[in-house]
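Take a look at the fold before reading on. The paragraphs below go through it piece by piece.

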Amino acid sequence: MVASGSPDATTFQNYCYFNTSLSESTIEAGHMDNDYILEMRGITKEFPGVRALHDVTLRVRRGEIHAICGENGAGKSTLMKVLSGVHPSGSYTGDIVYEGNICNFKTIRDSERVGIVIIHQELALSPFLSISENIFLGNERSRLGVVDWLDTTRQAKELLEKVGLHEDPATRIADIGVGKQQLVEIAKALSKEVKLLILDEPTAALNDDDSDNLLNLIRQLRAEGITCIMISHKLSELERIADTNTIIRDGETIESLDMHGDTDHSQEHIIRAMVGRPLDNRFPVHTSTVGEEILRIEDWTVYHPIDTERKVVDGASLNIRRGEIVGLAGLMGAGRTELAMSLFGRTYGTKISGRVFKNGEEIQTRTVEETMHHGIAYATEDRKKYGLNLIQTVKENVTSAGLNKLAKMGVIEIEAETGVAEEYRKELNIKTPSIEVPASKLSGGNQQKVVLAKWMYTDPDVLILDEPTRGIDVGAKYEIYTIIDQLADSGRGVLMISSELPELLGVCDRIYTLSEGHITGCLNRDEATQESLMTLMTLDKDDLQ
Amino acid sequence: MIKELVGKNLRQYGIMLALVAIVIIFAFATKGRLIIPNNLWALVQQNAYVLILALGMLMVIIAGHIDLSVGSVVAFIGAVVGYMMYTWHVNWILAVAAGLVIGLLVGAWHGFWVAYVKVPAFVVTLAGMLLFRGLAQVVAAKTMAGFPAGFNAIAGGSLPNIFGHIPNPLAGLFAAGSPFGQPLDGLTLAIGIIGIVGLILQSWRARRSQISHGLPVGPLSLLVVRWALLSVAILVVTYLLSMNLIGGTPIVLIIVGVLILIYAFVTSRTVFGRHVYAVGGNRNGALLSGVNTARVDFGIFVNMGFLTAVAAVVTTSRAGAAVAAAGQNFELDAIASCFIGGAAVTGGVGKVAGAVVGALIMGVLNMGLSILNVDSNWQMAIKGLVLLFAVSLDLVSKRRNAVA
């Protein structure tokens, strides 16, 4: 089954071996018009403490556009990393059957050598090298280690022609827009003689024209026989382009829909399949006592810091009342964190506009200090990168945001500081051998409690909690929910950003949905369901008008 | 349990043990000449600048920066202070005060570019290195010497012998006229004893406070052993210094000692000090916790400028002359001291005590190798290797710790 004329045939055999016991189904499938280029069978991948993929099956026909969709954290990207060798053979169980052979990729290079190329959501181009240098990066046109620039330029030109990018190959990547960069990535894939192209959210960062352009190119590649797997949240886009749509939820394949067939493949059906998680009682019972409005944001607009023409948050308005837990739901790239960080001392984005009102009075939030002064706290999504100083002690982390409360004339009262840290350790049940150990030694859940303690000590009126339970175990989650409830009961307003819809439904009084930077809806707890939220979260810009 | 305790403390005190080992090796290699009172005195005098600069450099390095300009700035400020006294006959106290102000201004200059224009400190201070070396050569076009006695005493003088001398109880152990059998200076002894008592009281109070907050503390026996070792070390140094023929306690030792105490306090007990560690450990995290990172960066460089000025005064006073070539490689000595003393190249980690011990190691190496008449080029090569081995040892042991 190996194409013997292919120049890759020998290397191919290094990584894939002919599988004599190839399952009957594949052979049968080969007889039908359904010729599968790829079958991933029973893929299970575990990370310490987490099962990211469980018995996942994916069958991709030759020459089709195969969409994969699912919520944040469903396992889409992990599956693609298994396929491309980022997670090497041996670190997962199950088989990858590509072109009829079982493959054991150890690195990305192995999968690229047989024609599988992945283009990640965050483009992996080198900004200060030229287009042609990027296309052949790691794959230089050279003789004896000396680059043949003529050949490089000539071939780069041909490839750019193919993807419809009319730029000088000598142009620096930094000087072209994201849409064109995406095309350079595809040209780079073509230079590797790609047979199976994987695109992870290719249009997430593109404007409408660039998106259309890219989708047309993908169609054109299909016509040339290149198979394409595309991860996307944009359901209307998938409807237009995909031949098959596989839905993944919580690391399992839910179903594979033929997008041209008679079975139900409506957006409503896809949404139900994406979110159908059981709602169990993992949440403390809590009734909020909602009071006056405490924070209101009006017409908040934020542009991307580098791609300064792109709106990341577009005219968002929302409010939070005393004692209320407000949720903010949105898929990856919807602009949730960007909204929070731009509000919190303009720590994200450029050309930020809009108005903020605290207790009815307009306030400014130009720096973190100023925002904190107005009683607003923000616990970041990435606690290791932004929330904690891992090499400082638990004590020093707990007091780091409210240190001035512990100081007289700039001198810290060490004993009082110890007292504060001890108090929070007991109150939030932070499990640590001592408050003097580095924060890096704590488990994820306890680190998150340290982050909460740090902000609670500043005694804020409004807390913005960005993914407060990401990556922590069920027990610790319950404790965090309890803390959030207590914060609301003490008359504070809480804005909770989360990717887990059951969590938002279990904890929040009211939930805003965000899609492509727009607030697309606001549902009360009793009227919200996972389906209704996901529908609003996947609304297109165009559907809004 | 004991093994773990020893292991942990070995790591913590490894660098101090290294210092003790180096002192003992050189004491034998030089047949005791390293530790004769006059040489000990010279050791303090010669290395005061490294200690002073290392204190500032430590904070620069903890915050994740570097300052390459301090050698040139020492020359520049020394030249200006010298020029004021030599050409304008300005009162030496005023000249020193002016030097300190200029130090603050130079620090503010560097701090402005680093903190507000966000130019990497490496580039800013590399430029400063050239700029201030050039200016030093302009100001000190010819060497200026012959300064007031008061000024020269900053690095060369001792505290007045106000308590008189007491006979050396150990004099009988040495031959008559031996440098080790001289009478003892009362004031120096008093300072040494105050130092020991202060140290014990301070650590006892810290321990009591930890206990009262229910925090785990090490065994008392370990603390007593530490007291004993430190007391012996201070006593030996005090004893040797107090029978120095030139005088008792060097004034410069008092300056350095006070600065060490101040900076140990600043780094461990003040909001500013804590912010320096926070910025170095996680700059974005600090920013998102409301720390004004630009102001912290600015403050660090202003402080470095001040300490550079102090080092300039001490260096010029010791030389008794202002020379454009002064301060060569001072930045490297200071940086090496911090790294030998356990500061992390990646920022966020470092202690005053470590930097001081690092500086002393460099000083003892300088002194010992000089007494042994090792060629100065070889001295440089040896110091380079010591730096490399010290830092790699630290990194390797940390990595092993992380794996375990």
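Residues are numbered from 1 along each chain as its sequence is written, chains are lettered from A and ligands numbered from 1 in the order in which they are written, and side-chain values use heavy atoms, with hydrogens and water left out.

Start with confidence. pLDDT is the predictor's confidence in each residue, on a scale from 0 to 100. Chain A has a mean pLDDT of 87, and 92% of its residues reach 70 or more. A contact means heavy atoms within 4.5 Å. Where pLDDT is low, predicted coordinates should not be read in detail.

Now the sheets. Helices (H or I, at least four residues) and strands (E, at least two) are DSSP runs, numbered from the N terminus. Two strands pair if DSSP finds at least two bridges between them. Strands of a sheet pair through backbone hydrogen bonds, either parallel or antiparallel.

One open sheet of chain A has 6 strands in the order E19-E22-E23-E16-E24-E25, with mixed pairing. Which strands stand at its edges? They are E19 (376-379) and E25 (518-524) of chain A; each has a single partner strand, so one side of each is left without a neighbour in the sheet. Neighbouring strands here are turned by 20° against each other on average, direction ignored. Angles run from 0 to 180 degrees between N-to-C directions, and axes are lines fitted to C-alpha atoms, for helices over the stretch in contact.

Follow E24(A), residues 510-515, into E25(A). The two strands run antiparallel and are joined by 6 bridges. A:Ser515 stands opposite A:His518, and A:Tyr512 stands opposite A:Cys522. The hairpin of E24(A) and E25(A) has 2 residues between the strands, and A:Glu516 takes a positive phi near 45°.

Helix H19(A), residues 530-537, lies across E16, E24 and E25 of chain A, at about 35° to E24(A).

E17(A) and E18(A) form a hairpin with 2 residues between them, and A:Asn359 in the turn has a positive phi of about 50°.

Move to chain B. Helix H3(B), residues 70-86, and helix H4(B), residues 92-116, pack at an angle of about 150°, with their axes 9 Å apart. H3(B) and H4(B) are therefore roughly antiparallel to each other. Angles under 35 degrees count as roughly parallel, over 145 as roughly antiparallel, 65 to 115 as roughly perpendicular and the rest as oblique. The crossing of H3(B) and H4(B) is right-handed. A crossing is right-handed if the near helix is turned clockwise from the far one by less than a right angle, and left-handed if anticlockwise.

Which residues meet between H3(B) and H4(B)? H3(B) supplies residues including B:Val73, B:Phe76 and B:Met84, while H4(B) supplies residues including B:Trp92, B:Ile102 and B:His110. By class, this contact of H3(B) with H4(B) has 12 nonpolar, 3 polar and no charged residues. Ala, Val, Leu, Ile, Met, Phe, Trp, Tyr, Cys and Pro count as nonpolar, Asp, Glu, Lys and Arg as charged, and the others, Gly among them, as polar.

Finish with helix H7(B), residues 186-212, and helix H8(B), residues 220-242. They pack at an angle of about 165°, with axes 9 Å apart. That makes H7(B) roughly antiparallel to H8(B). Their crossing is right-handed. Among the residues in contact are B:Leu189, B:Trp204 and B:Arg207 of H7(B) and B:Leu223, B:Trp227 and B:Thr238 of H8(B). By class, the contact of H7(B) with H8(B) has 12 nonpolar, 6 polar and 1 charged residues.

Note on methods:
This is a predicted model: local features need pLDDT of at least 70, side-chain atom pairs count only at pLDDT 80 or more; totals for chains, interfaces and linings use all residues.
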